[in-house]
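User: Could you take a close look at the binding site annotation for me and then show me what surrounds it? Which residues does UniProt list under "binding site"?

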Amino acid sequence: KGKCPEDGWDESTIELFLHELAIMDSNNFLGNCGVGEREGRVVSGLVARRHYRLIHGIGRSGDISAVQPKAAGSSLLNKLTNSVVLDVIKLAGVRTVTSCFVVPMATGMSLTLCFLTLRHKRPKAKYIIWPRIDQKSCFKSMITAGFEPVVIENVLEGDELRTDLEAVEAKIKAFGAENILCVHSTTSCFAPRVPDRLEELAVICANYDIPHIVNNAYGVQSSKCMHLIQQGARVGRIDAFVQSLDKNFMVPVGGAIIAGFNESFIQEISKMYPGRASASPSLDVLITLLSLGTSGYKKLLKERKEMFSYLSSELKKLADNHNERLLDTPHNPISLAMSLKNLDETNDAAVTQLGSMLFTRQVSGARVVPCGSVQTVNNYTFKGFMSHANDYPCAYLNAASAIGIKKQDVDVFLKRLDKCLKTFRKEAKQEKSVNEISDANTATEQLED
């Protein structure tokens, strides 16, 4: 039926299914005689077994989604994977999505493929409107495609950094709609930046007849991010949304899903991909979804949401204990941020040092963001890089509740963070005592003189 099964399959059933697909490929036929340059020959048995002897990859030279006659099994694998993934995207909240395909490139290059496809539709266009998010790959995706990003600075509302809709519209009017390739918005992001105002952006795009590409990197795991995409498509215009396989489905890095509401446009993107492609990302995500089933994936989504609430409440307690505060970012459903004002005021290098301390204590994924760092990316200079703003009011630390996180991860992280912050407080007290003693000695010497 091309749907993700409700209950997951056991490993032996999945392996039997993959072997059945593999024997449909010509390189696995008994007595096959290959005289071409690409005949699925693999010299290492270990490599062949790693790929379940599905060696031909997916697609043909002119279309990544096309059926390859001598690789019926691999072609069927590709079709089934795209169908099952589409089913899961609908399950996750984007009910009206009509088409998607797995592409063997990570999110940044997949965004580039979308921009290059739009180039043929809008030959005059040279600009991409981009509400700022300090993540290099989504910025470089526009540069690599040969376009000029028009950076829209975010607006500070309370602790949150939100989309400046007036600035977006002003830039469209200033450059002219026909000169703008698309609006490139973002859902999933590091707090205190929150998902873009997708509904309002989608309406602007519809009003000015400008395409709209959404970077939904790790948004499939968030019902809020998926709801924003669904609503944006309902009230305005969203041409495609791109999401990572590894971040949303816990498979190795190297694949993404390009999805949309207009089947012909998604097919145009798939035809833009030059040559055949690796089947590994498709194989990984199909195995994963068959083993989980819809019930297993729903359970993971539910657990992630529960862990977000737990992380939020416990991080708030820890922040209060250290005279810091959990930044108020209710519109971000995955990432949290805790201020580091005391560290920042004590020592300029202390904020960065905290990040190093956490990393050496095997805490991965926590981002420590100092104030005022400057970074140049492809000749564009960003002030306050990593904080998504030129002058965010304070330094802070990020932590995220992403799919697959366990209570033990949260507890160990909080314990190690607490220990690191206590070390800084102890050092600060000692330094203060030394300074007081030094001041007292100086005062005594002055009196004696």
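Analyst: With each charge placed at NZ of Lys, CZ of Arg, CG of Asp or CD of Glu, the chain has 53 positive and 50 negative side chains, and the centres of the two sets lie 6 Å apart. Please keep in mind that this is a predicted model, in which local features need pLDDT of at least 70 and side-chain atom pairs need pLDDT 80 or more, whereas totals for chains, interfaces and linings use all residues. Residues are numbered from 1 along each chain as its sequence is written, and side-chain values use heavy atoms, without hydrogens or water.

Now to your site. In an unreviewed entry, UniProt gives the annotation "binding site" to Arg234, Arg361 and Lys426. These three residues are spread over 193 residues of sequence and also in space, with up to 54.9 Å between their C-alpha atoms. UniProt, again in an unreviewed entry, also lists Arg38 as "binding site". The positions follow the numbering used here, the feature names are shortened, and such annotations may be inferred rather than shown by experiment.

Where do Arg234 and Lys426 sit? Arg234 belongs to helix 8, which covers residues 223-235, and Lys426 is part of helix 14, residues 407-448. (Helices are DSSP runs of H or I with at least four residues, strands are runs of E with at least two, and both are numbered from the N terminus.) Arg234 counts as exposed because its relative accessible area is 58%, the cut-offs being under 20% for buried, over 50% for exposed and partly exposed in between, with a 1.4 Å probe and protein chains only. Lys426 is exposed too, since its relative accessibility is 55%.

Arg38 has its place in a loop, between helix 1 (11-22) and helix 2 (45-50). Its relative accessibility is 39%, so Arg38 is partly exposed. Setting aside residues up to four places away in sequence, Arg38 touches His56, Lys70 and Arg276, where a contact means heavy atoms within 4.5 Å.

Tyr52 is not a glycine, yet its phi is positive, near 55°. Arg53, also not a glycine, has a positive phi of about 60°. Arg53 is partly exposed because its relative accessible area is 42%.

Val94 lies in the loop between helix 3 (72-92) and strand 1 (99-103). Is Val94 buried or exposed? Val94 is buried, because its relative accessibility is 0%. Arg304 is 210 residues away from Val94 along the chain, and their C-alpha atoms are separated by 19 Å.

Another buried residue is Thr288, at 16% relative accessibility. Thr288 is in helix 11, residues 280-321, and touches Phe249 and Val251 when residues up to four places away in sequence are not counted.

Two backbone details may be handy as you look around. The peptide bond from Ala191 to Pro192 is cis, with omega near 10°, and Pro192 lies in the loop between strand 6 (180-186) and helix 7 (198-208). Strand 12 (residues 374-377) and strand 13 (residues 380-383) run antiparallel and are joined by 4 bridges; two strands pair if DSSP finds at least two bridges between them. Val374 stands opposite Lys383 in this pair. The hairpin has 2 residues between the strands, and Asn378 takes a positive phi near 50° there.

Finally, here is the setting. The chain contains 14 helices and 14 strands, and its C-alpha atoms fill a box of roughly 105 × 55 × 40 Å along the principal axes. Of its 449 residues, 51% count as buried. Among contacts with a separation of 6 or more, 73% come from residues 24 or more positions apart.

Technical notes
Lys and Arg count as positive and Asp and Glu as negative; His and the chain ends are not counted.
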